[in-house]
Amino acid sequence: MPNRPDKVYFFGTCLIDMCYPQAGLAGIELLEREGIKVIFPQAQSCCGQPAHNSGFPAEAKAVARQQLKSFKQDYPIVVPSGSCAGMLKHHYPAMFAGEPEADEVRRFSSRVLELSEFLVRVLDVKLRDRGQPIKVTWHSSCHATREMGVIGDSKALLKQLDNVELVELQSERECCGFGGTFSIKQPAISAAMVSDKITDIQQTGATRVLSGDCGCLLNIGGALEYQKIPITTQHIAEFILERING
Amino acid sequence: MAETGAVDFQSNVVRALADRQLRGNLKKAMGSLSLKRKAVFSDPEEFEHLRRVGNAIRRRSLSKLPVLLEQLEKNCTANGIQVHWAETTADANQIFLDIIKGHDASRVIKGKSMVSEEMHLNHFLEDHSIEALETDLGEYIIQLDHETPSHIIVPAIHKNKDQIAHLFHEKIPNTPYTEVVEELNAIARKTLRQKFFAGEIGVSGVNFAVAETGTLCLVENEGNGRMCTTVPPVHIAVMGLEKVVEHLSDVPPLLRLLTGSATGQVITTYFNMITSPRKAGEKDGPKEVHLVILDNGRSKILADPQLRETLQCIRCGACLNHCPVYTRLGGHAYGYVYPGPIGSILTPQMEGLHKAGAMASASSLCGACEEVCPVKIPFTSLLRILRDESYAEGDSPHDVDGHGYKRHFTESLAWKGWAVMNTNPTLNHLSTKMLGMVGAFLPKAGPLKHWTQVRTTPKFAKQSLHALAKARGLDDE
Ligand code: SF4
């Protein structure tokens, strides 16, 4: 187990900032409960992935530099999103390879951890479930799965919750169709993907879908609501906090 | 279709998605293919090791491709195989025509070859009154229905058993209707058998060409490949120039990766190694063997140190079978010969972004292809390069045809604005705050119009996390 730090940075992500601040706050609270001091640089914004994936590398880099500037100290950077964490950890070094900042970027990237990963692998948190019995299902975001490899950590957290029954999706590892700008550049394909995901979710009998990525939740939750299906979506941090607070 | 350069990808997508039968057929077939693959590569560590070996072999081959191709030509020639070089598909077709005409032949039997599809060889030969009969079962089925392959390994994957039963009944004379798979196979076999013996020229693809020995390797399951390459007096093999490997010892790991990834087999029923035409005193085999090596844009791809990785592909089809986009659209919607993830990186480079650039946008960058590709092609990085190229303004390190075709004032401006917002904390706070205030009243126009077709409008929070963190008194260092 890596050393337990006293302080960490929190990278809130732009989507959480705009649409899911409660998920971000829950993440912060989970860290503070473990006695960690959380620093939230007000100059942070977006990891740059939207532009990076859409053919605008110069804009992505400009925004990436803003994050490099905002997280200067040598603290771990905890990120409540597998996708943004993957961007900071794996894409930044490639984007800046061969540039004067390359070394600084590599050091920055090596400090990045996804929230579940940090809670399990660094803090080894112990959770006590105080909630009523509930049946939930879980959607693995593509980048949490393939870039960060942290799904095992998220599930390990959920398994600690005694009253939570986790029913797995058949298509757990299949993309929900969000893909950032993909959902608006290829709306028809994205729509087909999210509706298949929803059919699968309904088959589980769960009343709530959890994920570690708000992009997927925005997509799945928006589609569930559009179809007036009474299944809610929630970020794992918010769910855990709710369970342990009872 | 591809020739006119007018593929309307968006309409194809809408049509494909509306086809329930197609969705059902694909789902069933893909599910079974991926399960079989999973069973042969059940040990993740062993698979990862094998992938690394496969990747290293392909990288090494590409890094010395010009030398290997010369060596291949020299050794094939010494073995009695006649080697022909074709820069374009038109050149390749002409080479075929010259050989066929040189033998006064008019009946060609073909084993499966995606490069021949790239050349639209069947059409070309038909236009010259030469009959080209596909003998691979899947290819035979789609040829009967005047279709093109919808998958690089399983060309008729879009059709189910019932559709094939009807097709056989209607198109093959004196065929009673049957849905029994064994009977359908027997019908095809019987019909094809007669044709094999009447074929004057046999055509095949090449899976690997070994430079050090001048050997052409052909992987197949039906035995039709062996028939096409041994029964007619003349065999013409055709390959893309990237198919060469250096050593004979490079073949076994690649073969294992190919068969496991493609069909979930440890080894295929047939594996042909062709090293020469029939020699004096031998009782069978063609009297002449030709090898046509096609470029068609590949050397340009090879010249780009990053995009070159596209050419590592061994055409196993696994990326198609695992792609959430391909498995919903099928191959025809892409509008070009190579569909799915490999098509989405290869086709825009071959045909130009201005024609096929939409394929590069047809990915959520989920990375499922990257996870299964037996030679570890970095799809998502390559797709990003192609997207960058679509908007590039001249100073790009790459040189893909159609470079900058998507450059558009409004979109570029929007991204510039986005960058300003996200590099200036004051503006960023202000814009998030504004969204929280007016977000719910935003008109459903622009991007939001597409989003809200199947989803509700995102709910922007009244207070951002920035604001909440500040209110909580968190340090801002
Ligand atoms: S790109 Fe990789 S997975 Fe796709 S066909 Fe080629 S070798 Fe197979």
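Before looking at the interface I wrote down that buried area is the accessible area, taken with a 1.4 Å probe, that two parts lose on being put together, summed over both. I also noted that this is a predicted model, in which local features need pLDDT of at least 70 and side-chain atom pairs count only at pLDDT 80 or more, while totals for chains, interfaces and linings use all residues. Residues are numbered from 1 along each chain as its sequence is written, chains are lettered from A and ligands numbered from 1 in the order in which they are written, and side-chain values use heavy atoms, with hydrogens and water left out.

**Entry 1: the interface**

I looked up the area buried between chain B and chain A and found about 5800 Å², of which carbon and sulfur atoms give 60%. On the side of chain B, the residues B:Trp415, B:Leu465 and B:Glu477 supply 13% of the area that this chain buries against chain A, more than any other three residues. Counting contacts (heavy atoms within 4.5 Å), I found that 60 residues of chain B touch 73 residues of chain A.

I then searched this interface for polar contacts, meaning pairs of N or O atoms within 3.5 Å, where within protein one must be able to donate a hydrogen and the other to accept it, and residues adjacent in sequence count only if both atoms are side-chain atoms. The rule finds 30 such residue pairs across the interface of chain B and chain A, both residues being at pLDDT 80 or more. Helix H21 (residues 409–421) of chain B gives the most to the side that touches chain A, with six residues; helices (H or I, at least four residues) and strands (E, at least two) are DSSP runs, numbered from the N terminus.

**Entry 2: salt bridges**

A salt bridge here is a side-chain nitrogen of Lys or Arg within 4 Å of a carboxyl oxygen of Asp or Glu. I found nine of them across the interface of chain B and chain A. In the structure over all chains there are 42. In one of them, B:Arg472 pairs with A:Glu32, the closest N and O atoms being 2.6 Å apart. B:Arg472 lies in the segment after helix H24 (465–471) of chain B and A:Glu32 in helix H2 (residues 21–33) of chain A, so this pair joins two chains.

**Entry 3: strands of chain B**

Two strands pair if DSSP finds at least two bridges between them. Strand S2 (residues 107–110) of chain B runs parallel to strand S3 (residues 131–134) of chain B, with four bridges, and there B:Val108 has B:Ala132 as its bridge partner. S2(B) also pairs in the parallel sense with strand S4 (residues 201–204) of chain B over three bridges.
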